[in-house]
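Welcome, and please open the model in your viewer with the sequence panel beside it. We will go from one selection to the next and say what is there.

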Amino acid sequence: MIAPRTRTTFDELMEHRWGRRIACSADVRITASNGVSGTGRFRDVSSSGAFIETSLAIPNLARVIVAITRGDNTQKEVRAILVRRDQDGVALEWCEAAEGSVCTGLGCESRCAASLKGEES
């Protein structure tokens, strides 16, 4: 006997996040493999990826470089793949998972809600 299939939405299939989301408002610069570049702002970050509010037209599965200006005016670049687009921006999955503190590793700790509360992990 075959078990009945349950209906699964596309968004449920595409959910890859395994890290806890941290609200963040750091401004970023995005450069995509298709030549598109511009600015955006983190909505949230996790050890596996981030959501960036932007109006850039970047295709799904494009490789991107996200540049974050740290508090000391140095830049940190992180490589990612665009896994989802919606009307507010893009969801990215980091090419390498962050070790330790996500916000400290990205250099945006002064703009992350968890670090302001001392809850960052």
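Is S46 buried or exposed? S46 is buried, because its relative accessible area is 1%; buried means under 20% relative accessible area, exposed over 50%, and partly exposed in between, with a 1.4 Å probe and protein chains only.

Before you click further, please note that this is a predicted model, in which local features need pLDDT of at least 70, side-chain atom pairs count only at pLDDT 80 or more, and totals for chains, interfaces and linings use all residues. Residues are numbered from 1 along each chain as its sequence is written, and side-chain values use heavy atoms, with hydrogens and water left out.

**The whole chain**

Color by secondary structure to find three helices and seven strands. Their order from the N terminus is α-β-β-β-β-β-β-β-α-α. Helices (H or I, at least four residues) and strands (E, at least two) are DSSP runs, numbered from the N terminus. Of the 121 residues in the protein chain, 36% are buried.

Go back to S46, which sits in the loop between β3 and β4 (49-53). Draw a C-alpha to C-alpha distance from S46 to A23: they are 9.0 Å apart in space and 23 residues apart in sequence.

Now select D44, in strand β3 (residues 37-45). D44 is buried but has no salt bridge, a term for a side-chain nitrogen of Lys or Arg within 4 Å of a carboxyl oxygen of Asp or Glu. The nearest side chain of opposite charge belongs to R21, 4.4 Å away; Lys and Arg count as positive and Asp and Glu as negative, while His and the chain ends are not counted. Beyond its neighbours within four places in sequence, D44 is in contact (heavy atoms within 4.5 Å) with R21, I22, A23, C24, A50 and F51.

**The nonpolar core**

Select F42, I52, I58, V64, V66 and L92 together: they have the most contacts inside the largest nonpolar core, a group of 22 residues. β2 (27-32), β3, β4, β5 (63-69), β6 (75-86) and β7 (89-94) each supply at least two residues of this core. A nonpolar core is a set of buried Ala, Val, Leu, Ile, Met, Phe, Trp, Tyr and Cys residues joined through side-chain atoms within 4.5 Å. In soluble globular proteins, nonpolar side chains tend to be buried together. Zoom in on L92; leaving out residues up to four places away in sequence, L92 touches, among others, I52, V64, V66 and L82.

Show β5 and β6, which run antiparallel and are joined by seven bridges; two strands pair if DSSP finds at least two bridges between them. Click I68 to find its bridge partner in β6, K76. These two strands form a hairpin with five residues between them, and in the turn N73 has a positive phi of about 70°. N73 is not a glycine, and it counts as exposed because its relative accessibility is 67%.

Move on to β6 and β7, an antiparallel pair with six bridges. Here the hairpin has two residues between the strands, and A80 has W94 in β7 as its bridge partner.

**Last stop**

Finish at L61, in the loop between β4 and β5. L61 has a positive phi of about 70°, although it is not a glycine. L61 is exposed, with a relative accessible area of 62%.
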